[in-house]
Amino acid sequence: MDGIFKTMLLLRKKKYAAMVVKEYADGEVKSIVREEKGLDLVRRDWCNLSKTIGRMALSYILSGNETEIIVDQLCTYLTEQGKKLMEDTLELSDLIITKELT
């Protein structure tokens, strides 16, 4: 067995985000940690804003809250980020896309 997951967002094989339960040998829960595998938001060539928004969205989705609460939180957060972008109050450095050419 690979692990015990409290909550999981499975997009495809080897592309997921989950809250993984870590246990002691006696079965007592040691900790719950977030694990991200194969998701586009971990790519280095995306701008910091997209990474931040993606991670925040995952936090809401993996929170374990009811679906309606998660959708409301996501809508509120994305609306706030959109307003910041339209009002030009975001740091320019958060919008820079880096790509190394080989």
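## Helix and sheet

Helix α1 lies across strands β1, β2 and β3, and its direction makes an angle of about 135° with β3. This arrangement is taken from a predicted model.

The three strands form an open sheet in the order β1-β2-β3, with antiparallel pairing. Its edge strands are β1 and β3, the latter covering residues 29-37, and each of them pairs on one side only. On average, neighbouring strands of the sheet are turned by 15° against each other, direction ignored. Strands of a sheet pair through backbone hydrogen bonds, either parallel or antiparallel. Here, β2 and β3 pair in the antiparallel sense over 8 bridges. Lys22 stands opposite Ser31, a residue of β3.

## Overall form

The secondary structure of the protein consists of 2 helices and 3 strands. Along the sequence these elements follow the pattern β-β-β-α-α. The radius of gyration is 17 Å, whereas the globule rule gives 13 Å for 102 residues; the protein is therefore more spread out than a compact globule. The C-alpha trace spans about 55 × 40 × 25 Å along its principal axes.

Of the 102 residues, 23% count as buried. The protein exposes about 7900 Å², and carbon and sulfur atoms supply 55% of this area. Among contacts between residues at least 6 apart in sequence, 34% join residues at least 24 apart.

## Aromatic pairs

A pair of aromatic rings is described by the distance of the centres and the angle of the planes. The structure holds 2 aromatic pairs. One of them joins Phe5 and Tyr16, with 6.2 Å from centre to centre and 75° between the planes, an edge-to-face pair. Because Phe5 belongs to strand β1 (residues 4-12) and Tyr16 to strand β2 (residues 15-23), this pair ties together parts that are 11 residues apart in sequence. Phe5 has a relative accessibility of 33% and so counts as partly exposed. Tyr16, at 14% relative accessibility, counts as buried, since buried means under 20%.

The rings of Tyr60 and Tyr77 have centres 6.1 Å apart and planes at 65°, so this pair is edge-to-face; the angle required for that class is over 60 degrees. Tyr60 lies in helix α1 (residues 48-61) and Tyr77 in helix α2 (residues 67-86), which means that the pair ties together parts 17 residues apart in sequence. Tyr60 is buried, with a relative accessible area of 19%. Tyr77 is buried with a value of 9%.

Definitions and conventions
Residues are numbered from 1 along each chain as its sequence is written. This is a predicted model: local features need pLDDT of at least 70, side-chain atom pairs count only at pLDDT 80 or more; totals for chains, interfaces and linings use all residues. Side-chain values use heavy atoms; hydrogens and water are left out. Rings of Phe, Tyr and Trp (its six-membered ring) pair if their centres lie within 6.5 Å; planes under 30 degrees apart count as stacked, over 60 as edge-to-face and the rest as tilted. Helices (H or I, at least four residues) and strands (E, at least two) are DSSP runs, numbered from the N terminus. Buried means under 20% relative accessible area, exposed over 50%, partly exposed in between (1.4 Å probe, protein chains only). Two strands pair if DSSP finds at least two bridges between them. Axes are lines fitted to C-alpha atoms, for helices over the stretch in contact, and angles run from 0 to 180 degrees between N-to-C directions. Contact means heavy atoms within 4.5 Å. The radius of gyration is taken over C-alpha atoms; the globule rule is 2.2 Å times the number of residues to the power 0.38. Accessible areas come from the Shrake-Rupley method with a 1.4 Å probe; for residues, only the protein chains shown count as cover.
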